Amino acid sequence: MKQTQKSKPDYAVYVVEGEGDKAHWTKIGAGWSHSDDEGINVILSALPLNGRLTVRKPKAERDDA
C-alpha cells in the first residue's frame with residue numbers, strides 16, 4: 001500500500017516516561033491529518049516498551065531573521 005503524505009507532519013509522536021518535571025520525552029514518530037480531518041496516519045521509528053504515547057502539534061520553528 002503506497003502512502004502519500006504532506007512533507008511536513010501535523011503532529012509529533014513521543015514516548016513519555018515519568019511524570020511532571022521529571023518526565024522524559026523521546027520523539028519516536030510523526031503524524032499526518034487525513035484530508036477529512038477525521039483521523040491521522042502515524043509513522044513510528046521505534047516502539048516503546050514502557051511509558052505512554054503522546055501526540056502533539058509540533059512547536060513552531062523560531063524565526064530569528
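These legends walk through close-up views of one predicted model. Because the model is predicted, local features need pLDDT of at least 70 and side-chain atom pairs count only at pLDDT 80 or more, while totals for chains, interfaces and linings use all residues. Residues are numbered from 1 along each chain as its sequence is written, and side-chain values use heavy atoms, with hydrogens and water left out.

**View 1. The sheet as a whole: an open sheet of 4 strands in the order S3-S2-S1-S4.** Pairing here is antiparallel; two strands count as paired if DSSP finds at least two bridges between them. The strands themselves are DSSP runs (E, at least two residues), numbered from the N terminus. S3 and S4 (52-56) sit at the edges with a single partner strand each, so one side of each is left without a neighbour in the sheet. Neighbouring strands are turned by 35° against each other on average, direction ignored (axes are lines fitted to C-alpha atoms, and angles run from 0 to 180 degrees between N-to-C directions).

**View 2. The hairpin of S1 and S2.** These two strands run antiparallel and are joined by 7 bridges. There are 6 residues between the strands, and glycine 18 takes a positive phi near 95°. Look along S2 for tryptophan 25, the bridge partner of valine 16.

**View 3. Tyrosine 14 and tryptophan 25, an edge-to-face aromatic pair.** The structure holds 1 aromatic pair, and the rings of this one sit 5.4 Å centre to centre with 70° between the planes. For the cut-offs, rings of Phe, Tyr and Trp (its six-membered ring) pair if their centres lie within 6.5 Å; planes under 30 degrees apart are stacked, over 60 edge-to-face, and the rest tilted. Tyrosine 14 comes from S1 (residues 11-17) and tryptophan 25 from S2 (residues 24-33), so the pair ties together parts that are 11 residues apart in sequence.

**View 4. The hairpin of S2 and S3.** S3 covers residues 40-44 and pairs with S2 in the antiparallel sense over 5 bridges. Glycine 29 stands opposite leucine 44 in S3. With 6 residues between the strands, the turn includes aspartate 37, which has a positive phi of about 60°.

**View 5. S1 meets S4.** The two run antiparallel, with 5 bridges joining them. Valine 16 turns up again here, standing opposite arginine 52 in S4.
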